Amino acid sequence: MDTIIAVLCIAVSLLAVFSLRLPRRRGAIIFALSWLLAGSIEDALLHPVWLILLFAALAVVLHDGLRLRLVSEPVRRTLAKMMPEMSDTEREALEAGTTWWEKELFSGRPDWQQFEDIELSTLSQREQAFIDNETEQLCAMLDEWQIQHELRDLPEEVWQFIKEKRFFSLIIPEEFGGLHFSPYAQSRVVSKIASRSSVAAVTVMVPNSLGPGELLAKYGTPEQQQYWLPRLASGEEIPCFGLTGPDAGSDAGAIPDYGEVCKGEYRGEETLGIKLSFSKRWITLAPIATVIGLAFRLHDPDGLLEGDSDLGICCALVPADLPGIDIGRRHNPGAAFMNGPLTGRDVFIPFELLIGGKDYIGKGWQMLVECLGAGRGISLPALSTAAGEMAYLSVGAYVRLRRQFGIPVGKFEGVQEATAEIAASAYTLEAFRAFVTRALADGAPSVLTAMAKCHATEMMRTLVNHSMDVLGGRGIQMGPRNFMALTYQTVPIAITVEGANILTRSLMIFGQGAIRCHPFLADEMLLLNDDSAEAPQRFDALFSAHLGHTASNVSRAMLLGFSGGRLSTAGQGKTLRRHYRQMERFAAAFAATADVVLVSLGGDLKRREMLSARLGDVHSQLVIASALLKFHHSQPHSDAAIAHADYALQRCFSAAQQALNALYANFPVPGLGPVLKRLFFPFGNAAKAPDDQQIRQLGELIMQPQAVRELLADKVYVSHNADESVGRVLETYRQLLDIEPLYERFLKAESRLSGTNRDARVTAAVAEGLITEEEAAALRDYEAMRYDCMLTDAFDHSLQNLDLRPLRP
């Protein structure tokens, strides 16, 4: 018994020292005193051998020279041999961009005051006016069925409106004729358009994400900005950007497109420039582009410039009418937006068309990675958010209108399992959008935007699939009445572009996040092969701090695990406080687990993509949970909002728990995974999926006119035209809300009324004095709308000449 008490005394002192992150000297003193105290309980601890080992360990901890020779320098030499050499592409990608709240979560000890100080972005008066007027007008002009299946393009008047109202200039500074909206406003514009037409949204978003406009605004020379930006802002020039090719996508080092420094003729004058050869595929707006942004590798075989012959990745702005360029053909990605190939052979351009000029030779990949933030963090999540909000509104209305066995189908628990997920995902996407665009207002957080693209588009895929399951035959029959099929059809596009989600999840989020977000790892890696005299001392300082950081997170994760999170002080006095506790607990467990994985696997983690993906999932779910908490507290409180936030947060932590469980179960070091799970989750899983009551609650709420429905409806285009796909459902839903008490009263009496159809039974109800003539007219009007709402389109059986105009139902 004395031995157990003594060991507990030492263990508690270690946990206290590490969890409180005490200074090294003070911590050593406390540990030594606790050992001596334990020795007064258990004499064996005062044996000379144990005392020698104790003071030897303390000497190594406290004496810089001993620690350097015996620990840190051997570790540095070993790691230098183990770690694979970092490619230039990887180094540039890791160095690009900034970090934000995701770094606090990776630390394992998030600064809640910093979180409290985050204020989500709001729209300026100018931005709100543009959304309420120009964007609203554009949405009213759009007919997605006509665009997708009749014209295979936007109508000419829509193209003209987009150009005249400067939709292509959302990111261009006002001094060059642009609108220069905030990231949040850009997202709101794109998502409102996407709620009406994915083709129009993609057309608008591409010049405002990865494209020449952003590259010129950030890196262009004054001359380039003065000439090109006003022309891009007005739509006089239509840009595209050629990055991806048949054999090269995410690995810029594999880009086969190249340029050679040489002399040539440009616009009638001989000058020093670049001869380009390239083959690009899947380039949005390429068929109609007048100017091409191009990524390529530059070579200088004749040494016309100073430096190496391989000058690295560069970006250039190439007029589409130059000799040698083949442009204008279209791909068919399953949606009608302009997308096609680009090829060029021996295309000569002067250096003045190199974005940023000669100063930016070789910096192209870093430029691209930083600019990818707009596409990953704004445009694609905006498309996903619009899909979620439209599904919430339309499917939520439909399951209240559609009846089976005498009740709305939305009341069946099987349906509610799907609609609850739609509701939670739509709410999460809006929260996530607000959080990520706020981060983009402060910089270009590459890890956070990778999370946003991957998880927002995956949420969209899941909720759209749920929507199609609920709609059944009403969802699969194509035609102008179908409000979900075209969204379903275009989901794979969002999943694929800006980096396929498999790559983003398995390599980028944790692979890049571990180095960008870890407090010490990036600096340590840079010192592994540093031969300077001060490198050993610098590495020793970092490595010692790293060990203390890891020990602290392990200790905190254990304490929070044993206390069930009750030792956390996060979220004091706030609603959803238990979720703040979960956040702190999972952050500590994630950070501790990540450090153990990094130490035990080293460079081999790069090849363990499933482990990397699971760690990335945990990190991502913590970011999404942060977005939900921040968004919830930024909105007026309501019972509906609490129900949505509670369900969505519980789902986040359940997903994080599952990812950690899978990692522990598949940990490649035998026995270590189960030990970590027992240490950090001693009483089993800390989070569970939403229960049946929560599912039923959200399944009911998605059908009701409540605060969350109003909140989401405010972010999209809501049609009041009963002759359109979405408007037909929403107007019928509004009509039901107006007469529902009367309708339910009639339905209860219907079984005892005479008549072979509903109209006859309405007449019978009037005759029996159950309803008035005025009420009967309202019932007939609603029943006609409801029946019309259930119908799907029918076409001529031959579909001759691809005439997809539907016949009357």
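Asp 321 is in the loop between β5 (310-319) and β6 (325-326) and Arg 267 in the loop between β2 and β3, so the pair ties together parts that are 54 residues apart in sequence. Strands are DSSP runs of E of at least two residues and helices runs of H or I of at least four, numbered from the N terminus.

The model is predicted: local features need pLDDT of at least 70 and side-chain atom pairs pLDDT 80 or more, whereas totals for chains, interfaces and linings use all residues. Residues are numbered from 1 along each chain as its sequence is written, and side-chain values use heavy atoms, with hydrogens and water left out.

Next, select Asp 257 and Lys 280, a salt bridge whose closest N and O atoms are 2.7 Å apart. Asp 257 is buried, with a relative accessible area of 4%, and Lys 280 is buried at 0%.

Then move to Arg 728 in helix α29 (residues 725-750) and Asp 788 in helix α31 (residues 773-790). Their salt bridge has its closest N and O atoms 3.0 Å apart. Arg 728 is buried, at 7% relative accessible area, while Asp 788 is partly exposed, at 24%.

Finally, select Glu 750, Arg 758, Arg 761, Glu 783 and Arg 786, which are linked in a network of salt bridges.

Technical notes. Salt bridge = Lys/Arg side-chain N within 4 Å of Asp/Glu carboxyl O. Buried < 20%, exposed > 50% of the residue type's maximum accessible area, 1.4 Å probe, protein only.
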